[in-house]
Amino acid sequence: MDLLNTLVDKGLRRELPTRDEALAVLATSDDELLDVVAAAGKVRRQWFGRRVKLNYLVNLKSGLCPEDCSYCSQRLGSKAEILKYTWIKPDEAERAAAAGVAGGAKRVCLVASGRGPTDRDVDRVSRTIEAIKGQHEDVEVCACLGLLSEGQAERLRSAGADAYNHNLNTSEATYGDITTTHTYADRVDTVQQAQAAGLSACSGLIAGMGESDADLVDVVFSLRELDPDSVPVNFLIPMEGTPLAKDWHLTPQRCLRILAMVRFVCPDVEVRLAGGREVHLRSMQPLALNLVNSIFLGDYLTSEGQAGQTDLDMIADAGFEVEGAETKTLPEHRAAPSGGCGSHEGGCAPCGDAPGAVPEQSEAQVARTDLVAVRRRGAGTDLAPNA
């Protein structure tokens, strides 16, 4: 396919595809899927070899969020029967983090529900970071606390945080359909605050919320321009008790096409396979390792993932290896100032507009509610975590 040859060449040069090319990846047929995966896999291996970085989530404060994000089980008005608890203590967070590190996690992601942290919350998280770093000196710590106020990113970095996560989630044009209590611009501002403070920025998306192909391309191109070091790709987990509980738009094949498109647009960035992979990729998860170079180990914030050992077995069986603490994740050139959008020196290629449509519901896109399990173990409980 001429399209795939062009995209591989651009990916190896870190050159931005056109919007039409990105949309064409999403429009490929199932008959072409393995060719798409193989092509994007060449780009992935160029920049990351066969390494897979493991990340581990610790939910510091669960539920009771005042924001109305439609996809979230912790949202205002959520009827999802999730764990709800206030801030766990630093030593409990450290024990949870230790389970992930013992399972091979290189990064621990500290997450708290809410619009954004108060200064007192930043103090709490800072003590937690110090507790984790005191026991695990080499582990990366990423904080995900919502919208940041002035000076908070600097304080987190001073406490030892390496990164900050705040996802764009969906396109700017459709953001208001998903959330009304804050704006897309608020999210962009928080990512930029983290970058200005010297934190490694982590920002990604959620697919499967009824968005069009054009929306997916829009948000991924916006991420390329924002230039985070890592881009988590979440697939909506339609949890009962949330407004999107009935939204089952994804097939394993579509998930793989989305991941391939992200890899072509963000060739040298840590692309992380995040929430929903077990629900939507199912038995095709190993194929996704040819596209992403990072996954979450074990459970998510309010839902359960597959067993940690199953993740490790999957990586080994697919011919990949867990990335060690001594290995730098990102290519060397990303440590230096980039030429705009993390691309070649000339900056981004011009982008044209192209229409996209919400995929038709097919017989394969059935609601697999049996695969959605509420987390009942780990942080905030007396049960051992899954790692």
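Colleague: Which residues lie nearest the centre of the second largest cavity?

Modeller: The general idea is that rolling a probe the size of a water molecule over the atoms shows where empty space is left. On a 1 Å grid over the protein atoms alone, a cavity is a set of points where a 1.4 Å probe fits but cannot get out, and lining residues have an atom within 4 Å of a point. Here the second largest cavity is lined by 14 residues, and Tyr56, Leu57, Arg375, Gly378 and Ala379 lie nearest its centre. Its space is about 100 Å³, a volume being the space filled by probe spheres set on the points, with grid points joined across faces, edges and corners. Strand E1 gives the most to this lining, with four residues, where a strand is a DSSP run of at least two residues, numbered from the N terminus.

Modeller: Bear in mind that this is a predicted model, in which local features need pLDDT of at least 70 and side-chain atom pairs count only at pLDDT 80 or more, whereas totals for chains, interfaces and linings use all residues. Residues are numbered from 1 along each chain as its sequence is written, and side-chain values use heavy atoms, with hydrogens and water left out.

Colleague: What volume does the largest cavity have, and which residues are closest to its centre?

Modeller: The largest cavity has a volume of about 940 Å³, and of the 43 residues that line it, Tyr71, Cys72, Gln74, Asn167 and Leu301 are the closest to its centre. Strands E1 (51-61), E2 (107-112), E3 and E7 (230-235) each supply at least two residues of that lining.

Colleague: How many aromatic pairs are there?

Modeller: Rings of Phe, Tyr and Trp (its six-membered ring) pair if their centres lie within 6.5 Å, and planes under 30 degrees apart count as stacked, over 60 as edge-to-face and the rest as tilted. The count comes to two aromatic pairs. The rings of Tyr175 and Tyr184 have centres 6.1 Å apart and planes at 70°, so this pair is edge-to-face. Phe296 and Tyr300 also form an edge-to-face pair, at 6.4 Å centre to centre and 80° between the planes.

Colleague: Is Glu140 buried or exposed?

Modeller: Glu140, in strand E3 (residues 140-144), is buried, with a relative accessible area of 18%; buried means under 20%, exposed over 50% and partly exposed in between, with a 1.4 Å probe and protein chains only.

Definitions and conventions. On a 1 Å grid over the protein atoms alone, a cavity is a set of points where a 1.4 Å probe fits but cannot get out, and a pocket is an open set with protein on both sides within 12 Å along at least five of seven lines; lining residues have an atom within 4 Å of a point.
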